[in-house]
Amino acid sequence: MASSPSLTIKSVRNGRGIVAAKNFRRGALITEIKGRIVTAEEVWRYWETDPRLGENCFRYDDDHYLDPDGEIGQYANHSCDPNAGIVKRGRRLMLKAIAPIAAGDEITHDYSTLLAADDVWRMRCNCGTSKCRRVVAHIGKLPAVTLRAYRRLGIVPDFILESR
Ligand SMILES: [Zn+2]
């Protein structure tokens, strides 16, 4: 398990999650989301053998996902009112603060920002925020006002936007 002095893995509202061990200012790059780049076919096999492996994957481009198994990204939870987002820097996926984050806060991102129009996976949401959408689905299902806010923050990759 890769550990980092600025982050810890703790019990949170929904299982285990990534919790800040220090303060992050808005715009800070928190950590790289590391993992193995796998094909869409491999992810389909996860759905048949161990669905949790599939749920943890991050869409990486049109044909690939990043499998964070064994790395910190495995614990990255969704929120409908997140304090972080995923940005692509070259070939790397980075977790970026979109709000000030205090030590002790869980760090979350909105899974819909990485679900392209062909991602049929949906999740019933229990994030507990006032903005909860109840069901998390692909980018095309995101309310227009939310999508606009996320685009302004730069946390929706181009290939996801273009899939709509
Ligand atoms: Zn929610």
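**Helices, sheets and ring contacts**

User: Which residues of helix H3 (residues 144–153) are buried?
Analyst: Heads-up: this is a predicted model, where local features need pLDDT of at least 70, side-chain atom pairs count only at pLDDT 80 or more, and totals for chains, interfaces and linings use all residues. Residues are numbered from 1 along each chain as its sequence is written, and side-chain values use heavy atoms, with hydrogens and water left out. Buried means under 20% relative accessible area, exposed over 50% and partly exposed in between, with a 1.4 Å probe and protein chains only; helices (H or I, at least four residues) and strands (E, at least two) are DSSP runs numbered from the N terminus. In H3, the buried residues are Thr146, Leu147 and Tyr150.

User: Which residue in E9 is the bridge partner of Glu32?
Analyst: E9 (residues 92–97) is mostly covered, with five of its six residues buried. Arg89 has Arg92 as its bridge partner in E9. For Glu32, the partner is Met94.

User: Which residue takes a positive phi in the hairpin of E8 and E9?
Analyst: The hairpin has two residues between the strands. The one with a positive phi, near 65°, is Gly90.

User: Buried or exposed: how does Ala84 count?
Analyst: Ala84 sits in strand E8. Leaving aside neighbours within four places in sequence, its contacts include Ile30, Leu95 and Ile107. With a relative accessibility of 0%, Ala84 counts as buried.

User: How many Å apart in space are Ala84 and Arg148, C-alpha to C-alpha?
Analyst: In sequence, the two are 64 residues apart. In space, C-alpha to C-alpha, they are separated by 16 Å.

User: Which strands stand at the edges of the other open sheet, each with a single partner strand?
Analyst: This sheet has three strands in the order E4-E6-E5, with antiparallel pairing. E5 and E6 (residues 64–67) are joined by two bridges, and Arg59 stands opposite Tyr65 in E6. One side of each edge strand has no neighbour in the sheet, because the edges are E4 (36–39) and E5 (58–59).

User: At about what angle does helix H1 run to E4?
Analyst: Axes are lines fitted to C-alpha atoms, for helices over the stretch in contact, and angles run from 0 to 180 degrees between N-to-C directions. H1 (residues 40–49) lies across E4 and E6, and its angle to E4 is about 85°.

User: How far apart are the ring centres of Tyr111 and Trp121?
Analyst: The structure holds one aromatic pair. Rings of Phe, Tyr and Trp (its six-membered ring) pair if their centres lie within 6.5 Å, and planes under 30 degrees apart count as stacked, over 60 as edge-to-face and the rest as tilted. Tyr111 and Trp121 are both buried. Their planes are at 40°, so the pair is tilted, and the distance between the centres is 6.1 Å.

User: Which residue lies over the face of Tyr60?
Analyst: A charge sits over a ring if NZ of Lys or CZ of Arg is within 6 Å of the ring centre and within 35 degrees of the ring normal. Here, at 3.9 Å from the ring centre, that residue is Lys88.

User: What is the relative accessible area of Arg134?
Analyst: Arg134 is found in the loop between E11 and strand E12 (135–136). Although not a glycine, Arg134 has a positive phi of about 70°. It is exposed, with a relative accessible area of 56%.

Terms used:
Two strands pair if DSSP finds at least two bridges between them. Contact means heavy atoms within 4.5 Å.
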